[in-house]
Amino acid sequence: SKESREDDVHLPGSLRSSMSYEIRSTIVQGWVHKKGTGKDWLGSRAWKPRWAVLATASVPGYEVDVPLLLIYWWSSSERPSNVILLDDVVVMPVDRYRTDA
């Protein structure tokens with residue numbers, strides 16, 4: 001059916017909605033801005049705010065906890081609109097207020 005085909009479509013690196021994961025720890029959370037695709041009802045390609053959570057999680061098929069980027073429409077949303085698996089990247093904290101650079 002059309003609905004099941006749409007469920008199979010996902011972004012490279014994102015987890016399928018049917019894949020389970022268990023958050024182990026939250027690293028950081030806050031607002032990010034993403035570029036619009038132009039496929040919404042307004043056709044907007046403007047930058048849009050989204051709530052994001054960078055966390056480590058237990059994911060089936062991985063022996064160690066892996067980092068996930070969970071994207072939400074709002075900070076009050078219960079479920080993420082997208083979950084991106086960051087298994088092939090290096091995540092490093094940056095102190096944007098550092099003055100000795």
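Strands β3 and β4 (residues 82-85) pair in the antiparallel sense over 4 bridges. Strands here are DSSP runs of E with at least two residues, numbered from the N terminus. Two strands pair if DSSP finds at least two bridges between them. This is a predicted model: local features need pLDDT of at least 70, side-chain atom pairs count only at pLDDT 80 or more, and totals for chains, interfaces and linings use all residues. Residues are numbered from 1 along each chain as its sequence is written, and side-chain values use heavy atoms, leaving out hydrogens and water.

**Strand pairing**
- In β4, Ile-84 is the bridge partner of Leu-69.
- Strand β2 (residues 47-58) runs antiparallel to β3, joined by 7 bridges.
- Trp-51 has Tyr-72 in β3 as its bridge partner.

**Burial and core**
- Strand β3 (residues 66-72) is mostly covered, with 6 of its 7 residues buried.
- Buried means under 20% relative accessible area, exposed over 50%, and partly exposed in between (1.4 Å probe, protein chains only).
- The largest nonpolar core has 12 residues, among them Trp-51, Val-66, Tyr-72 and Leu-85.
- β2, β3 and β4 each supply at least two residues of this core.
- A nonpolar core is a set of buried Ala, Val, Leu, Ile, Met, Phe, Trp, Tyr and Cys residues joined through side-chain atoms within 4.5 Å.
- Leaving aside neighbours within four places in sequence, Val-66 is in contact (heavy atoms within 4.5 Å) with Ala-55, Thr-56, Ala-57, Val-59 and Leu-85.

**A tryptophan in β1**
- Trp-31 lies in strand β1 (residues 22-35).
- Trp-31 counts as partly exposed because its relative accessibility is 44%.
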